Amino acid sequence: MNIHPMERIVLKKTFLLLTIVMQSACAENSAWDKPTAALAEPTGMTVYRSPSCGCCGQWVTHMQKQGFTIKEIQSEQMDAIKQKLGVPKALQSCHTASVKGYTVEGHVPAADVKKLLLTQPKATGLAAPGMPTGSPGMEMGGRKDKFSVLIFDPQGHTERFAEHSDY
Ligand SMILES: [Cu+2]
């Protein structure tokens, strides 16, 4: 077959484009994987979790996909770690993370953590209390519960930081 060189390039480009589209379609297994704002700089985060917590591991994957560099520490002493990192009892969830002096408790979306780092409010950190179904790391098919991300300070004051209902 005699294909004009120009057509060959177009064909090649089309194939490449199709490959990229197909790859991203396969990788898109969670609404939370959609690209969010890039981090201003490489950002390391330490995540503490119990070795038996599966959804904690999936949250770590979510944060990695969103550009965070994760150091994972598995521990059975989660209560002591939460206390040390200033998580109020009422807000406790599964895993606890530490990033740039802030504490992140539970299944908080990466976009909220990025907003926290960008705006630098005076606070201890963010929490997504409980284990909301549908939140990053807690995906269960189409079930997406509405949930709030709270910001808390050392005095135990909490305020709503973000609301996730339509995702
Ligand atoms: Cu969890």
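Student: Which residue of strand 7 does Val-149 stand opposite?
Tutor: Val-149 stands opposite Ala-162. This is a predicted model, where local features need pLDDT of at least 70, side-chain atom pairs count only at pLDDT 80 or more, and totals for chains, interfaces and linings use all residues. Numbering runs from 1 along each chain as its sequence is written. Strands (E, at least two residues) and helices (H or I, at least four) are DSSP runs, numbered from the N terminus.

Student: And what stands opposite Ser-148?
Tutor: Glu-163, in strand 7.

Student: In which sense do strand 6 and strand 7 pair, parallel or antiparallel?
Tutor: Antiparallel, over six bridges. Pairing needs at least two DSSP bridges between the strands. The two form a hairpin with five residues between them. In that turn, Gly-156 has a positive phi of about 90°.

Student: What's the strand order in the sheet?
Tutor: The order is 2-1-3-4-5-6-7, in an open sheet of seven strands with mixed pairing. Strand 2 and strand 7 (158-164) are the edges; each has a single partner, so one side of each lacks a neighbour in the sheet.

Student: Switching to helix 2. Which of its residues are buried?
Tutor: Cys-55, Cys-56, Trp-59, Val-60, His-62 and Met-63. Buried means 20 or more other C-beta atoms within 10 Å of the residue's own; exposed means 12 or fewer, partly exposed is in between, and C-beta atoms are placed from the backbone.

Student: What do they pack against?
Tutor: Strand 1 (43-49), strand 2 (68-74) and helix 4 (110-119). Contact means C-beta atoms, placed from the backbone, within 7 Å. Just after helix 2, Gly-67 takes a positive phi of about 100°.

Student: Now the core. Which residues touch the most other members?
Tutor: In the largest nonpolar core, of 32 residues, they are Val-104, Val-108, Val-113, Leu-126, Ala-127 and Leu-150. Such a core is a set of buried Ala, Val, Leu, Ile, Met, Phe, Trp, Tyr and Cys residues joined through C-beta atoms within 7 Å.

Student: Which elements supply at least two residues each?
Tutor: Strand 1, helix 2, strand 3, strand 4, helix 4, strand 5 and strand 6.

Student: What does Leu-126 touch?
Tutor: Not counting residues up to four places away in sequence, its contacts include Val-104, Asp-112, Leu-116, Ile-151 and Phe-161.

Notes: Contact = placed C-beta atoms within 7 Å.
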